[in-house]
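Thanks for making time. I will take a few local features of one model in turn, and the structure is coming up now.

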Amino acid sequence: MSTGTIVITGGNSGIGYAAASALLRATDGPWHVVVASRDAGRTRAAVDELARVTRTGHAVTAMALDLASLASVRSFATDLAGRVRSGDVPPLHAVVCNAGVQAGTTRTETADGFESTFGVNHLGHFLLVRELLPVLVAPARVVVVSSDTHDPARKLGVPAPAWHDARALARGELGPAAASDKPFAAGQRRYSTSKLANVYFTYALARRLPAGVTANAFNPGLVPGTGLQREAAAPLRFASKHVLPHLKWLLRRVVTTDVHTAAESGGALAWLATAPELADTTGRYFDGRRAVRSSDESYDVARADALWEDSVALTSPA
Ligand SMILES: NC(=O)c1ccc[n+]([C@@H]2O[C@H](COP(=O)([O-])OP(=O)(O)OC[C@H]3O[C@@H](n4cnc5c(N)ncnc54)[C@H](OP(=O)(O)O)[C@@H]3O)[C@@H](O)[C@H]2O)c1
């Protein structure tokens with residue numbers, strides 16, 4: 001019998017898949033990993049593949065979750081909470097908010113009319129965690145995958161976040177710094193802004209969770225070759241998928257962030273979700289396996305609290 005259930009959003013691909021794979025091959029646990037993702041076919045295929053590497057005792061399940069639909073998030077959480085309460089699955093040990101999108105040049109909306117980057121990366125995860133709080137009982141963890149693109153001091157070449165209140169961000173309106181952005185820069189800036197929202201959410205959540213339930217943010221570093229660039233222009237998509245993964249040695253010289261394989265970053269993410277030595281660590285930002293400071297503006301408590309209150313309102317049933 002597994003000792004705990006670990007939900008990984010976007011566990012069918014990239015870093016989330018690698019984290020699931022690390023957990024299912026681990027010698028601790030054993031874990032029941034729920035791969036939660038939007039496309040039934042891709043999720044099933046990933047779970048079939050994961051089942052092949054799963055060590056005896058662990059278990060892996062596919063569950064449908066579309067973070068771009070509040071109804072889907074509610075239905076997922078109700079289903080999972082019911083299974084936990086009935087003892088059908090082991091107690092909830094961790095929710096890993098890993099799924100993410102990076103817009104290309106086109107602005108898209110979720111089913112509820114929110115700009116997709118903010119809607120999926122922040123609001124969908126915000127609602128998911130809040131809906132699961134009743135079954136997130138100690139000892140348990142929330143890990144939110146952010147990115148060092150949230151921090152302009154890292155000088156990564158991605159436009160800095162342009163913070164605005166959550167209602168404006170949900171409409172796709174960034175702060176004044178984005179006023180003259182061309183469509184590609186605007187998409188990139190929406191991404192870095194959503195990753196700043198991930199950090200605010202983590203810190204605000206950590207202040208609200210009961211003792212023994214922790215919340216930490218995670219930066220995987222640069223992980224070329226995942227599906228994150230799927231909305232980018234064809235040349236960038238091709239380079240990211242097929243060229244950059246083979247040029248890690250070169251990337252390491254030219255970028256100011258750590259460059260990792262999905263297996264390395266997924267391993268660090270799995271560690272954050274399960275390492276016994278982190279049982280009491282909460283409200284921290286991890287660069288891989290190192291707790292570091294996040295950006296200066298990410299420590300603005302008033303902003304984080306305002307984001308929390310606005311997100312409650314935005315995700316409440318109409
Ligand atoms: N790769 C990097 O260099 C890097 C750097 C810093 C941070 N990150 C962060 O790492 C996380 C994982 O990204 P990745 O690089 O592994 O990219 P990825 O391979 O594209 O993985 C993203 C996952 O999110 C899922 N997803 C997207 N929209 C969803 C929705 N509406 N509902 C449910 N699931 C959805 C995708 O599912 P589908 O397969 O169905 O699209 C996919 O499984 C993201 O939060 C990203 O911001 C990545």
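Before anything else, this is a predicted model. I will begin with a proline. Pro30 sits in the loop that runs between helix H1, residues 14–25, and strand E2, residues 31–37. The peptide bond leading from Gly29 into Pro30 is cis, and its omega is near -5 degrees.

There is a second case of this kind. Ala138 and Pro139 are joined by a cis peptide bond, with omega about -5 degrees. Pro139 belongs to the loop between helix H4, which covers 116–132, and strand E5.

Why mention these bonds, and the backbone angle that comes next? Because most peptide bonds are trans, and most residues other than glycine have a negative phi.

The backbone angle belongs to Lys155. Its phi is positive, about 50 degrees, although Lys155 is not a glycine. You will find Lys155 in the loop between E5 and H5. Is Lys155 buried or exposed? Its relative accessible area is 68%, so Lys155 is exposed, the cut-off being over 50%.

Now the rings. How many aromatic pairs does the structure hold? The count is six. One of them is formed by Trp163 and Tyr200. That pair is edge-to-face, with 4.9 Å from centre to centre and 65 degrees between the planes. Trp163 is in the loop between strand E5 (140–145) and helix H5 (166–171), while Tyr200 is in helix H6, residues 183–208, so the pair ties together parts that lie 37 residues apart in sequence. As for accessibility, Trp163 is buried at a relative accessible area of 14%. Tyr200 is also counted as buried, with 0% relative accessibility.

Elsewhere among the rings, Phe126, Phe201 and Trp308 are linked into a cluster by ring pairs.

Which residues does Asp310 contact, leaving aside neighbours within four places in sequence? They are Asp165, Ala166 and Arg167.

To recap, we have seen cis bonds into Pro30 and Pro139, a positive phi at Lys155, the ring pair of Trp163 and Tyr200, and the contacts of Asp310. That is the end of my list.

Methods. Residues numbered from 1 in each chain as written. Predicted model: local features only at pLDDT ≥ 70, side-chain atom pairs only at ≥ 80, totals over all residues. Heavy atoms only, no water. Phe/Tyr/Trp six-rings, centres within 6.5 Å; stacked < 30°, edge-to-face > 60°. Helix = DSSP H or I, 4+ residues; strand = E, 2+ residues; numbered from the N terminus. Buried < 20%, exposed > 50% of the residue type's maximum accessible area, 1.4 Å probe, protein only. Contact = heavy atoms within 4.5 Å.
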